[in-house]
Amino acid sequence: MPSFSHLFSTLIESKGVFLDAMLITLELTVVSIIFGIIIGLFFALLKISNIKILAWISDAYVYLVRGTPLIVQIFILYFGISGLFLLPDFWAASLALAFHNGAYIAEIFRGSIQAVNKGQMEAGRSLGMSVSLTMRRIILPQAFRRALPPLGNQFIIGLKDSSLAAFISMNELFNVSTTLGSNNFDEMTYLLIVAIYYLVLVAILTIAVNIIEKKLAVSD
């Protein structure tokens, strides 16, 4: 184990490289979460649809994602699509993470939507709203409030899962730490440093989610 003084000095010396890598990690996480929310909401709506074939498609998607490792999904997307056209590593990782997170987010949204009292839909319909308008103005806002805590957990998981992008040579936090560790024959020091960066990012994300939860609670 490295001494505290050595760890601290290395942390300061390498901050420029790690801060650049942290920005890439944040970009990767934000893009994948945005697309993951869109994908998740889409498949959640398919799942609760009265059309059985649409619910089956949603079930198949969720089963496919849950049944295969994320690293396999990243490799299939990166190397498979590259056979048709060149896909940059950033977008390969972002889309794979979005595809993966979307399945879990779909189940979060599905449960949250179904947890809203059915009378809310009936009330909206009685006011002359269409099903889609009632869903958008009444059901989904309530469902989002219910979904926020598990969504926050999924966002944190997505942040940590972004480290798998290192396997397609993206210069995110984990890849930078292993590269510097190998070059300096000091793997443990750089692994501890990258752990510190991840802990800081998770702390920031947790605080942000808690702030949003409190604001929504006040608005209720």
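View 1. Leu95 is found in helix 5 (helices are DSSP runs of H or I of at least four residues, numbered from the N terminus). The model is predicted, so local features need pLDDT of at least 70 and side-chain atom pairs count only at pLDDT 80 or more, whereas totals for chains, interfaces and linings use all residues. Residues are numbered from 1 along each chain as its sequence is written, and side-chain values use heavy atoms, without hydrogens and water. With a relative accessible area of 34%, Leu95 is partly exposed (between buried, under 20%, and exposed, over 50%; 1.4 Å probe, protein chains only). Together with Val30, Ile34, Phe35, Ile38 and Trp91, Leu95 makes a nonpolar surface patch of about 530 Å² (residues with over 30% relative accessible area and no salt bridge, nonpolar side chains being joined within 5 Å; areas by the Shrake-Rupley method). Helix 2 (15–47) and helix 5 (89–115) each give two or more residues to this patch; the largest share, four residues, comes from helix 2.

**View 2. The salt bridge between Lys47 and Asp59.** The N to O distance is 2.7 Å (a salt bridge places a side-chain nitrogen of Lys or Arg within 4 Å of a carboxyl oxygen of Asp or Glu). The pair links distant parts of the chain, Lys47 in helix 2 and Asp59 in helix 3 (residues 52–67), 12 residues apart. Lys47 is partly exposed at 26% relative accessibility, as is Asp59 at 32%.

**View 3. The salt bridge between Arg110 and Glu107.** The closest N and O atoms are 3.3 Å apart. Both residues lie in helix 5, three residues apart, about one turn of the helix. Arg110 has a relative accessible area of 21% and Glu107 one of 22%.

Notes:
Patches are made of residues with over 30% relative accessible area and no salt bridge: like charges are joined within 9 Å, nonpolar side chains (Val, Leu, Ile, Met, Phe, Trp, Tyr) within 5 Å. Accessible areas come from the Shrake-Rupley method with a 1.4 Å probe; for residues, only the protein chains shown count as cover.
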